[in-house]
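Trainee: Hi, I'm new to this one. Could you walk me through it?
Mentor: Happy to, let's bring it up.

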Amino acid sequence: VCIKSVDQLSGCKEIQLEYTKWIASMLKTEHGIIISSDNINLLMDEIRFNWPLYSGCLGRFFLAYIGTNIVGMAGIKHFSTDVCELKRLYVSPLHRRVGLGRNLVERLLAAARILGYCQVRLETLDFMQEAIQLYESLGFVRSPEFAGTEGRSYCIQEHEIYFLLDL
């Protein structure tokens, strides 16, 4: 489901909180990195603060439902006239491996083409092996770090992997 207004974001707070807690837990488990509560709050608020870049003629934000439960999310965020960034791809662990992540990304890539973007970029973390496999299967290629990466804000850039896809 495509979210059309910032007011609709309140309904997806649970999946955002699950996502941020999962990221924090995995960073601690895999790399011994502890993300502060302030940084977790910044992650939680990023979509709301940047809503104009995720909506209208600049971007999209989708939620995946099973029944009435939100079990996944992802968005494309405007970066420049020709480039958007795939952000916040997350599917609850209990609902993985059934194609929800692929469906979200494919819908967002179609939206990026309609919005006139020529390139989609993304950053992910090295422990997100399923996501990395998905991106590579969709034609994304690894790239050097690009301007504006989020990981530097949290001092986790050494664990990030960067991808680009020309549309």
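Trainee: How many disulfides does the count come to?
Mentor: Zero disulfides, and keep in mind that this is a predicted model.

Trainee: Is cysteine 118 buried, exposed or partly exposed?
Mentor: Cysteine 118 is partly exposed, with 41% relative accessible area.

Trainee: New topic. Which residues of helix H5 are buried?
Mentor: In H5, which covers residues 129-137, they are Ala131, Ile132, Leu134 and Tyr135. Looking down the helix axis, those buried residues fall within an arc of 160°, so they line one face of H5.

Trainee: And what covers them?
Mentor: The cover includes strands E3 (83-91), E4 (119-125), E5 (141-143) and E6 (160-166), along with helix H4 (100-114).

Trainee: What comes just after H5?
Mentor: There you find glycine 139, with a positive phi of about 100°.

Trainee: Okay, tyrosine 54. Where is it found?
Mentor: Tyrosine 54 sits in helix H3, residues 51-54. It counts as buried, at 0% relative accessibility.

Trainee: What is tyrosine 54 in contact with, leaving aside neighbours within four places in sequence?
Mentor: Its contacts include Glu46, Ile47, Phe61, Lys87 and Arg88. Gly75 is also one of them; the C-alpha atoms of tyrosine 54 and glycine 75 are separated by 6.7 Å, with the two residues 21 apart along the chain.

Conventions: Residues are numbered from 1 along each chain as its sequence is written. This is a predicted model: local features need pLDDT of at least 70, side-chain atom pairs count only at pLDDT 80 or more; totals for chains, interfaces and linings use all residues. Side-chain values use heavy atoms; hydrogens and water are left out. Buried means under 20% relative accessible area, exposed over 50%, partly exposed in between (1.4 Å probe, protein chains only). Helices (H or I, at least four residues) and strands (E, at least two) are DSSP runs, numbered from the N terminus. The arc is that of the directions from the helix axis to the C-beta atoms. Contact means heavy atoms within 4.5 Å. A disulfide is a pair of cysteine sulfur atoms within 2.5 Å.
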